Amino acid sequence: MEIIIQTTPEAATAVAARTIALLVRKKPDAVIGLATGCTPLLLYRQLIEMKLDWRKVRTFNLDEYVGLAADHPASYHSFMAEHLFRHINIARKNIHIPDGLTRDVPAFCSRYEKQIKEAGGIDLQLLGIGTDGHIGFNEVTSSLASRTRIKTLTSQTRLDNAGFFGGEEKVPHHVITMGIGTIMEARHCLMLAFGRKKARAIAGAVEGAVTAMNPASALQMHPRTTACLDEEAASRLKMSDYYRWVYANKPDWQKIQPPFNGVGIISSGRRHKQLLSRNGTSLPAWTARVPGS
Ligand code: GLP
């Protein structure tokens with residue numbers, strides 16, 4: 001797992017935004033797995049400011065509450081519309097979010113899996129992390145091989161999400177979520193975590209045993225996961241000095257050069273690729289390095 005520790009959530013988010021921007025510029029019809037919660041809010045704001053071309057991008061959200069209509073203010077449909085989709089030029093037909101009102105949950109879930117496969121699989125899956133290490137709504141003890149399915153929320157997760165509903169008692173008990181096995185098939189997993197309350201979950205996910213008691217720890221078995229953390233979320237990591245050194249000393253061929261007149265040069269293996277921003281404007285110089293390359 002690649003661990004990128006930045007001083008602030010803004011700086012850590014910028015690394016993630018840059019990674020997504022590069023993907024969309026390189027592959028305009030990229031398939032991106034999206035997440036909800038407070039953590040990606042800043043990322044969505046930065047992505048909107050970057051004015052990327054989303055016309056051909058296809059998205060699959062991780063999860064949705066069972067029993068909530070798409071237009072319910074606390075649904076993840078509403079969340080995504082408000083914080084990202086209505087600000088970008090994505091095509092409605094390219095957006096996929098689990099249907100909280102489906103009458104046949106198992107059939108819906110297999111169809112969702114099939115749609116992901118038909119889209120060619122997920123290029124990049126964005127992930128937050130729960131205080132107990134859950135990803136998507138894969139609660140602790142979820143099978144590490146699980147697929148999209150219904151899950152029952154723990155009282156901790158319902159409490160953590162109570163703010164979105166105006167009270168814990170209003171948080172639904174059931175959700176539809178991509179499984180850990182589904183997430184593990186994404187070609188790149190990009191996890192964001194900020195704040196001290198995520199420090200224990202991050203330490204377990206990165207340096208603990210692979211266990212269903214910390215679902216994010218399954219990412220240790222993923223060939224390409226990048227975790228973008230602020231200092232507080234990284235505060236319990238034993239190897240943090242090592243992660244910082246690695247990131248600060250990447251070989252040149254793994255770095256992206258600062259943009260010049262809208263053209264950034266990124267090295268990928270031995271082959272240098274030119275990345276030209278679509279609208280001819282400069283790429284924001286938020287970070288000089290791309291993770292996981
Ligand atoms: C919910 C979401 C997860 C998210 C988690 C943490 O459980 N289903 O995808 O990672 O909350 O949320 P926050 O970013 O608000 O801490």
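In what order do the 7 strands of the open sheet lie? The order is β1-β10-β9-β6-β2-β3-β5, with parallel pairing. Strands here are DSSP runs of E of at least two residues, and helices are runs of H or I of at least four, both numbered from the N terminus; two strands pair if DSSP finds at least two bridges between them. This is a predicted model, in which local features need pLDDT of at least 70, side-chain atom pairs count only at pLDDT 80 or more, and totals for chains, interfaces and linings use all residues. Residues are numbered from 1 along each chain as its sequence is written.

T59 is opposite I95 of β5.

Now select helix α2 (residues 41-50). L43, Y44, L47 and M50 are buried there (20 or more other C-beta atoms within 10 Å of their own, C-beta atoms being placed from the backbone). These residues lie on the same side of α2, because they cover an arc of only 120° around the axis, taken from the directions from the helix axis to the C-beta atoms. Show α1 (9-26), α3 (76-83) and β9 (188-193): the buried residues of α2 pack against them, with contact meaning C-beta atoms, placed from the backbone, within 7 Å. Just after α2, K51 has a positive phi of about 50°.

Last, select the ligand. Of the 14 residues around the ligand, those that come nearest are A35, G37, C38, T39 and G128; a residue counts as near if its C-beta atom, placed from the backbone, lies within 6 Å.

Conventions. Buried ≥ 20, exposed ≤ 12 C-beta atoms within 10 Å, placed from the backbone. Contact = placed C-beta atoms within 7 Å.
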